[in-house]
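Trainee: Could you take me through the aromatic rings in this one, slowly and in detail?

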Amino acid sequence: MRRRPFGERALPYLLLAPAVLALLVMLGWPALQVVLISFRKLDLGELVRGEVVWTGFDNYAEVLGDPDFWSITLRTVLFTAGCVAGTVLAGLGIAVLMRHIGPKVRIVLQITLVLAWAVPILAATTVFQWIFDQQYGILNKTLVLLGFESFSGHSWFATGASTMVVIGLLIVWQAVPFIAFTLYAGLLSVPRDLYEAAGMDGASGVQTFRAVTWPSIAPLVTMSTFLSVLWDFKVFAQVWAIREGGPDGGSTTLPVLQYLKGIASSHFGVAAAVAVVMTLVLVVFTAQYLRMLLRSGREEL
């Protein structure tokens, strides 16, 4: 077998080199800087004087030795899991609904989803604050009209748990349109002949979904779940805008903790350590998805 010339073998790598170099500059270098800063004492004084003070693992010891850090980490993980589950299930349900309803109703639903998706984050956060307002919120007023008198003047932000539920509903409401459209596109790729064959075999709706629909959209569901984990784990704006991590820190998540340590308190080394730990937590919780990608790649080969 004749060996190809060196120039022909090197051409693909040369074509990829500019993109790889751009990724290293735009993504790799900032990530490396965060890791390096996490091993330094970088408060406001050191930042102004330009001093480089290496502290080893002191920042990590301070972060990991704080009992509040572990409760915040657990809260963040549970919050992410709830948001991801709600988003994917609601998105899948809406996608299946769009597959079966008439064209006119489907267009109205799709326009509604696009409008909800287009609402800016802070505007949507403000709307949800009005909805759940203690005195003037439409939710409390509606519940009272339905006969639930105990919700008169009920505060949905009195505890950290209820505050996180409200924030979770906001996150799900904003994320569902993307997931729904993504899964709907996958459903459109399923041939109608398969549904007709399942109907001729006497399969029920649930059996048809398990045998025909799910195998076709399972990769998209996995991808959507993975993306939702990445997005929801690092949510900051909605959590901060609702109650700034309150009441009494009850809705503080890791991104909010990073802000409090860094921008608010000017302990940038500690904030960088929190960022590195967040990245490691994400790696742990997405390792299964990465293994699935590698396994599917080997099967294709």
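Mentor: Let's start with a definition: a charge sits over a ring if NZ of Lys or CZ of Arg is within 6 Å of the ring centre and within 35 degrees of the ring normal. That is the case for R243, which lies over the face of F157, at 4.1 Å from the ring centre. Keep in mind that this is a predicted model, where local features need pLDDT of at least 70, side-chain atom pairs count only at pLDDT 80 or more, and totals for chains, interfaces and linings use all residues. Residues are numbered from 1 along each chain as its sequence is written, and side-chain values use heavy atoms, with hydrogens and water left out.

Now for rings meeting rings. Rings of Phe, Tyr and Trp (its six-membered ring) pair if their centres lie within 6.5 Å; planes under 30 degrees apart count as stacked, over 60 as edge-to-face and the rest as tilted. The structure holds 15 aromatic pairs. Take F39 and Y60: their centres are 5.4 Å apart and their planes sit at 50 degrees, so this pair is tilted. It links distant parts of the chain, 21 residues apart. Y60 is buried at 11% relative accessible area, while F39, at 22%, is partly exposed (buried means under 20%, exposed over 50%, partly exposed in between, with a 1.4 Å probe and protein chains only).

Next come F151 and W156, with centres 5.8 Å apart and planes at 15 degrees, so they're stacked. Here F151 is partly exposed at 23%, and W156 is buried at 18%. Both belong to one aromatic cluster, along with F128, F132, F148 and W173.

Definitions and conventions: Helices (H or I, at least four residues) and strands (E, at least two) are DSSP runs, numbered from the N terminus.
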